[in-house]
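Dear colleague,

Please find below the structure that I am handing over to you. My findings follow it, grouped by topic.

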Amino acid sequence: MALVAIEGFEFYETQQNLALKYPFGHDGTLSFTDGRMGQTALNVPVGSNKFSLMPLASCDTYVIGFAVKFSGTLGLYPGFVKFCQDHVTHLSLNQNTNGTLTLLSQSFLGTTTNSIVSDYWNYIEIKFYIHPTEGYVNLFVNGSQWLSIPLCNSYNPASPTRTVNQITWSNLSTTSTSLQVDDVYVLQNTTTSLGSVFVESRIP
């Protein structure tokens, strides 16, 4: 198991400062807002705005956790988080208008029966293995498993490798609402999750 990234979004204050750490990781307009535990969260306004945690070392097996809040009236959030190799998407997660979540690869993988609500922090963890026939995806929300998809095609053949080196959050909502992200962790080469975590950044 390797912990390859954590991010709490404290102390950036401006998009320009965020770009110093992630020079290839943003498009459009990003801002910062009150976080999940009283610190700071990344705010992704509706429109052609996105943030990418990249570059990561390419790997086919991940466990990723992050807190997310959808503010305002729920709409369709297509691909609000995507797992990519050099901008080619292998897996994506939609939030639907009723608050359910849908996993997609090159085709539909599954939709949750449970729903999340707006204006509330939820902690999402996703475990996946990229493979055309033996892939898997497991989705957890607030510590409970919402989806388990074994032996699936989680690979996009448009990518020359069945690996991921980029995680992207975007806001293409059908309503004028904000997407907020906080407390991110990224593990490689493991199936063990950390549970709901709080990432606190401190100045030495």
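Predicted model: local features only at pLDDT ≥ 70, side-chain atom pairs only at ≥ 80, totals over all residues.

Aspartate 60 is buried, with a relative accessible area of 18%. The side chain of aspartate 60 forms a salt bridge with that of arginine 162, at 3.1 Å from N to O. The two partners are 102 residues apart: aspartate 60 sits in the loop between strand E5 (50-53) and strand E6 (61-71), and arginine 162 in the loop between strand E13 (144-152) and strand E14 (166-170). Arginine 162 has a relative accessible area of 31% and is therefore partly exposed.

In total, the count comes to three salt bridges. Another of them joins the side chains of arginine 36 and aspartate 183, with an N to O distance of 2.7 Å. Because aspartate 183 belongs to strand E15 and arginine 36 to the loop between strand E3 (31-34) and strand E4 (40-44), this pair ties together parts that are 147 residues apart in sequence. Aspartate 183 is buried at 0% relative accessible area, and arginine 36 also counts as buried, at 18%.

The side chains of glutamate 7 and lysine 21 meet in a salt bridge as well, at 3.2 Å from N to O. Here the pair links strand E1 (residues 2-7), which holds glutamate 7, with helix H1 (residues 15-21), which holds lysine 21; the two residues are 14 residues apart.

**Aromatic residues**

The count of aromatic pairs comes to 10. In one of these pairs, the ring centres of tyrosine 22 and phenylalanine 51 are 5.1 Å apart and the planes stand at 90°, so the arrangement is edge-to-face. Tyrosine 22 lies in the loop between H1 and E2 and phenylalanine 51 in strand E5, 29 residues apart. Both residues are buried.

Phenylalanine 51 also forms a stacked pair with tryptophan 169, with 6.3 Å between the centres and 15° between the planes. As phenylalanine 51 is in strand E5 and tryptophan 169 in strand E14, the pair ties together parts that are 118 residues apart in sequence. The relative accessibility of phenylalanine 51 is 0%, and tryptophan 169 is buried at 1%.

**Sheet**

Strands E5 and E14 also take part in an open sheet of seven strands, whose order is E2-E5-E14-E7-E8-E9-E10 with antiparallel pairing. Strand E2 (26-27) and strand E10 (108-111) are at the edges; each has a single partner strand, so one side of each is left without a neighbour in the sheet. Within the sheet, strand E8 (residues 88-95) and strand E9 (residues 101-104) pair in the antiparallel sense over four bridges. Asparagine 94 has threonine 102 of E9 as its bridge partner.

**Surface**

Which residues make the nonpolar surface patch of about 290 Å²? The patch is formed by Leu3, Ile6 and Leu194. Leucine 194 is found in the segment after strand E15 (178-188) and is partly exposed, with a relative accessible area of 44%.

With kind regards

Methods: Residues numbered from 1 in each chain as written. Heavy atoms only, no water. Patch = residues over 30% accessible without salt bridge, like charges linked within 9 Å, V, L, I, M, F, W, Y side chains within 5 Å. Areas by Shrake-Rupley, 256 points an atom, 1.4 Å probe, with all protein chains shown as cover. Salt bridge = Lys/Arg side-chain N within 4 Å of Asp/Glu carboxyl O. Buried < 20%, exposed > 50% of the residue type's maximum accessible area, 1.4 Å probe, protein only. Pairing = 2+ DSSP bridges. Phe/Tyr/Trp six-rings, centres within 6.5 Å; stacked < 30°, edge-to-face > 60°.
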